[in-house]
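Subject: Structure handover

Hello,

Here is the structure I said I would pass on. Please look through it first; my notes on what was found follow below.

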Amino acid sequence: MSASATSAPRNATIDLRSHQTFIQLLEQLYRERALVPLAAGRPIPLRSDEVLIICRGIVQLFTIQHDGSETLLGLAGPSMPIGLPLTTVEPYWATALTDVDVLSLPMVEIEGSSVLMAGMFRNLTLRMQQAEAWLALSGKRLVADRLKHFLLMLAKDFGHVEPSGIRIPMRLTHHQLATAIGTTRVTVTRLLKDFKVEGWLTIDQRQIVLQLDPRFPANQLLNPMAQRL
């Protein structure tokens, strides 16, 4: 890695609005920097002096409670930053939910570059919005409502619109879903069967596809995505 915190941004004349994604900006600034590929299920090393940008795939963020149980803190997708400098939770670790490519950015480099700071701001805002949505989710009394709204959140954040509905492009186990909403694997299995019987979702290649039928009130949250069909 040869790019420094000051040299690349200073020499580049970049209009952030001309870039569709933060990743495209990073690719222009740091073409010589190699991405780190990690296979699904692999732990992602985190350091106190660097931030990782997810360039491809989806990452799970975890902590562990005093009783030894895991808590899923969030999911980070393309363009989102993760890392120890961005959290006060301890312990805190990340694993690759799908195959991922990550880009390492030292904090000293980020702090010295107004271009990088501006590029990260929107994606940090998205992480904050996701965190607040997860907090609101935990306040829902009925487990069925928590699971339904969790799936809707995943569809909004990561979903791919298809003629048949919105595909959540990740293979989440029933245990992972249960951990995310604070229930048991058995309960998640039963509720998913109920949702399939209702016609709200289908399972295709171990991925969940939410139906865009307007008779399901919860789908009002997906209207902006439905308009892209």
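Two strands count as paired here if DSSP finds at least two bridges between them. Please keep in mind that this is a predicted model.

The open sheet

With that definition in hand, take leucine 38, whose bridge partner in E8 is valine 100. The two strands concerned, E1 and E8 (residues 100–106), are antiparallel and share 3 bridges. They belong to an open sheet of 4 strands, ordered E1-E8-E3-E6, with antiparallel pairing. Its edges are E1 (36–38) and E6 (81–82), each of which pairs on one side only.

The strands around E12

Strand E12 (207–210) has two partners to describe. One is E11 (residues 201–204), which runs antiparallel to E12 and is joined to it by 4 bridges. Within this pairing, aspartate 204 has glutamine 207 of E12 as its bridge partner. E11 and E12 make a hairpin with 2 residues between them, and in the turn glutamine 205 has a positive phi of about 55 degrees. The other partner is E10 (residues 165–167), which pairs with E12 in the antiparallel sense over 2 bridges. Here arginine 167 is opposite valine 209 of E12.

Which way do the side chains of a regular strand point? They alternate between the two faces of the sheet. In E12, Gln207 and Val209 point one way, while Ile208 and Leu210 point the other way, and all are buried.

The nonpolar cores

The largest nonpolar core has 31 residues, and those touching the most other members are Leu75, Leu147, Leu151, Leu192 and Leu210. At least two residues of this core come from each of E5, H4, H5 (143–158), H6, H7 (185–198) and E12. Helix H5 gives the most, with 8 residues. Another core lies apart from this one; it has 14 residues, among them Leu61, Met80, Ile82 and Ala94.

Leucine 75 can be followed in more detail. Leaving out residues up to four places away in sequence, its contacts include Ile58, Val59, Met80, Leu97, Trp134, Leu154, Phe158 and Met170.

Helix H6

Is H6 mostly covered or mostly open? It is mostly covered, with 6 of its 8 residues buried. The buried ones are Gln176, Leu177, Ala178, Thr179, Ala180 and Ile181. These residues pack against strand E4 (59–64), E5, H4, H5 and H7. Just after H6 comes glycine 182, which has a positive phi of about 75 degrees.

The second largest pocket

The second largest pocket has a volume of about 510 Å³. Its lining consists of 24 residues, and Leu72, Leu73, Gly74, Ala131 and Trp134 lie nearest the centre. By class, the lining holds 14 nonpolar, 8 polar and 2 charged residues.

Which elements each supply at least two residues of this lining? They are strand E5 (70–76), helix H4 (114–138) and helix H6 (174–181). H4 gives the most to the lining, with 9 residues.

Regards

Note on methods. Residues numbered from 1 in each chain as written. Predicted model: local features only at pLDDT ≥ 70, side-chain atom pairs only at ≥ 80, totals over all residues. Heavy atoms only, no water. 1 Å grid on protein atoms, 1.4 Å probe; cavity = no way out; pocket = protein on both sides within 12 Å on 5 of 7 lines; lining within 4 Å. Points joined across faces, edges and corners; volume = space filled by probe spheres on them. Nonpolar A, V, L, I, M, F, W, Y, C, P; charged D, E, K, R; others polar. Core = buried A, V, L, I, M, F, W, Y, C linked by side-chain atoms within 4.5 Å. Buried < 20%, exposed > 50% of the residue type's maximum accessible area, 1.4 Å probe, protein only. Contact = heavy atoms within 4.5 Å.
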